[in-house]
Amino acid sequence: MSGTDPRLARYLLSCLALALLASIALALATGPLSISPGELLGMLGLSPDVPAPHIADAMLQLRLPRVLLAAVAGATLAMAGAAMQGLLRNPLADPGLIGVSSGAALAGAITLVLFSGSIALPLLLPLSSFAGGALAAALALWLARREGHTRIVTVLLVGLALNGLAGAGIGFVAQLADDLALRSLNFWMFGSLGKASWREILAVLPLLLLPLLLLPRHARSLDALLLGEPEAAHLGVDTETLKRSVLALSVLAVASTVAVAGIIGFVGLVVPHLMRLASGPDHGRLLPASALGGAILLVLADTAARSLFVPSELPVGVLTALLGAPFFLALLLRYRHGSELA
Amino acid sequence: MSYVAQELSFRAGGRTLLDRVSITLAPGQVHAVLGPNGAGKSTLLRLLAGDLEPASGQRVLNGRRLEHWTSVERARQRAVLPQQHGLSFAFTAAQVVELGRLPCVRQGPAREQAIIAAALARTDAAHLAQQPYPTLSGGERSRVQLARVLAQVWEPALQGPQVLLLDEPTASLDLAHQHQCLRLARECAAQGMAVMVVLHDPNLVLSYADRVSLLCCGQLQAQGTAEEVLTPERLRQVYGLDFSLHSQNGQRWLQVRP
């Protein structure tokens, strides 16, 4: 929408895009094997400096897929968060808080234990995560719906219960797991991009790109939905189709990141909120800005997670939770007096 | 004939909220709907808007049953001003009005901006264009929402006269803006639209409405011109108040004896 200064939007998106490139370069250059900026450009054929073959190999096989996954997963999580907040007309809605992530994680954990070592695992994992996430979302929204209205407080409370239930479920599954599966399970609990390899990325990339490409198509309808559901219908929006479509895409986004990286919380809450301050609530701008912001946040967070306590690695989910939970509390306090929680 | 509704009934929670009400909104006319709280005015408006499905009866918009219109076709044909104006996200007033353009065939950025500015000017809200909507007062919000509704029906539709459904548009407005709002309703009617407006003040009805439907307890008490319907006797039956009718220089008004 062009109600406010469109130049700001253009600058915002270009600035974010530049910042993302810089973050990716920083992430690629950080780690036990050091590589100079010139050598990075050299790998792209843009500079005469060429790194040693073993360094180039490590870059291509280990660091590049990890950084790419961080960027795409961060972008998808943040955009899904922004879309869900639009859908529920509430800036506090986050896929992690309403239980989608833990539903996906529980289903993923069960699959991981049952099919540990199976070659179909990279395919089964996203599928079962999606089913678990969708089930949790459907449950949360169904339980919170009263006389045609979805009360956000109830959604958050149901999410709390689902999170607790899924945590217990994962703990129970862990009892049944062998050592190998147990180590993988740990990664579900906290979220980590440490397992990223090209094989996993290629399996999950289409599932992450689908919401990233399709959600912005609903931007104008989501804007109208912010006016209220009947008002959006008066403006010609097919609200039932819109809600189903946005919800399915958001669940797909969250469940796919859970399948490949476990629960990385709060990205979908913090990033859209910060972007809304700069871009306004208009989804045509907010969705791409959130995607770029989410990519930057997760690329930087993952870089910090793997380089803060070398040689051991902090799960990136721990770091985003450390950043996000106080932020969520601050938001709660801010909206405490408003009608947003009603 | 613009919008004809026949024998509309609506039930919810075991109660009959609307009982076989028929109404015809004709192009060029302002049709007021009057009645005490809980009379079914908003239910009737929401049935006509397509928010609710009637238990029985039918709605025919420009010769075609409402169910047979696609949602975008409907949106080009009729605009609705709701009673509540909740919006907690910080859109500017101009952005809210721009949302009204969603179903329209867009005309290029410059023309669109001109329509938005003109719609805001018509509701005396031009100075609010860049204000964040959540910071506006109740009356200012109503005027911005009214501008959004006007922007939605800015160009004539291809499939016959357009319909405006306004649910208590004067509720939070000051006296001057109440009259300005109803003058706008008259202007829209003069452009050929069929306008339905839910009102509480019988004197506004006398001044601005061509026809009026008086509702009470979900049933139609009377329908006709304002002079025919708004008799002191009938208003006393409906409201339980003592009314007297005065007239001077062709202007009529009702007075309530306290």
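Predicted model: local features only at pLDDT ≥ 70, side-chain atom pairs only at ≥ 80, totals over all residues.
Two residues are in contact if their C-beta atoms, placed from the backbone, lie within 7 Å.

In chain A, helix H4 (residues 100-114) packs against helix H11 (residues 239-261). Their axes sit 9 Å apart, at an angle of about 45°. An angle counts as roughly parallel only under 35 degrees, and H4(A) and H11(A) are therefore oblique to each other. The crossing of this pair, H4(A) and H11(A), is right-handed. On the H4(A) side, the residues that do the touching are A:Val100, A:Ser101, A:Ala104, A:Ala105 and A:Gly108. They meet A:Val251, A:Val254, A:Ala255, A:Val258 and A:Ala259 in H11(A). Sorted by class, the contact of H4(A) with H11(A) holds eight nonpolar residues, two polar ones and no charged ones. The spacing of such residues has a simple background: an α-helix has 3.6 residues a turn, so residues three or four places apart point the same way.

A second pair in chain A brings together H3(A) and helix H8 (residues 198-214), with axes 10 Å apart and an angle of about 25°. That makes H3(A) roughly parallel to H8(A). Here the crossing is left-handed. H3(A) supplies A:Pro65, A:Leu68, A:Leu69, A:Val72, A:Ala73, A:Ala75, A:Thr76, A:Met79 and A:Ala80 to the contact. From H8(A) come A:Trp198, A:Ile201, A:Leu205, A:Leu208, A:Pro211 and A:Leu212. The contact of H3(A) with H8(A) splits into 14 nonpolar residues, one polar residue and no charged ones.

Chain B has a helix pair to look at as well. Helix H4 (residues 109-122) and helix H5 (residues 138-152) of chain B cross at roughly 130°, and their axes come within 8 Å. H4(B) and H5(B) are therefore oblique to each other, and H4(B) passes H5(B) in a right-handed crossing. B:Ile115, B:Ile116, B:Ala119, B:Leu120 and B:Arg122 of H4(B) make this contact with B:Ala147, B:Leu150 and B:Ala151 of H5(B). By class, the contact of H4(B) with H5(B) has seven nonpolar residues, no polar ones and one charged one.

Next comes the inside of the model. In soluble globular proteins, nonpolar side chains tend to be buried together. The largest nonpolar core in this model has 181 residues, and A:Ala71, B:Leu164 and B:Ala185 touch the most other members. The largest share of this core, 17 residues, comes from helix H3 (residues 53-87) of chain A. Leaving out residues up to four places away in sequence, B:Ala185 touches B:Val30, B:Leu166, B:Val195, B:Val197 and B:Tyr208.

Helix H1 (residues 41-49) of chain B is mostly covered too, with nine of its nine residues buried. Among the buried residues of H1(B) are B:Lys41 and B:Arg46, along with B:Leu44, B:Leu45, B:Leu47 and B:Leu48. Just after H1(B), B:Gly50 takes a positive phi of about 95°.

A:Arg89 is not a glycine, yet has a positive phi of about 50°. A:Arg89 is placed in the loop between H3 and H4 of chain A, and is buried, with 20 other C-beta atoms within 10 Å. B:Asn249 likewise has a positive phi of about 50° without being a glycine. B:Asn249 lies in the loop between strand S11 (242-248) and S12 of chain B, and with 5 other C-beta atoms within 10 Å, B:Asn249 is exposed.

B:Gln255 is exposed, with 12 other C-beta atoms within 10 Å. Not counting residues up to four places away in sequence, B:Gln255 touches B:Phe243, B:Ser244 and B:His246. B:Gln255 and B:Ser207 are 48 residues apart in sequence and 14 Å apart in space, C-alpha to C-alpha.

Finally, the two chains meet each other. Their contact takes 24 residues from chain A and 24 residues from chain B. On the side of chain A that touches chain B, helix H9 (219-225) and helix H10 (229-234) are the elements that give two or more residues. H10(A) gives the largest share of that side, four residues. The residues on the chain A side divide into nine nonpolar, nine polar and six charged.

Conventions
Residues numbered from 1 in each chain as written. Chains lettered and ligands numbered in written order. Nonpolar A, V, L, I, M, F, W, Y, C, P; charged D, E, K, R; others polar. Axes fitted to C-alpha atoms, helices over the stretch in contact; angles between N-to-C directions. Parallel < 35°, antiparallel > 145°, perpendicular 65-115°, else oblique. Left-handed = near helix turned anticlockwise from the far one by under 90°. Core = buried A, V, L, I, M, F, W, Y, C linked by C-beta atoms within 7 Å.
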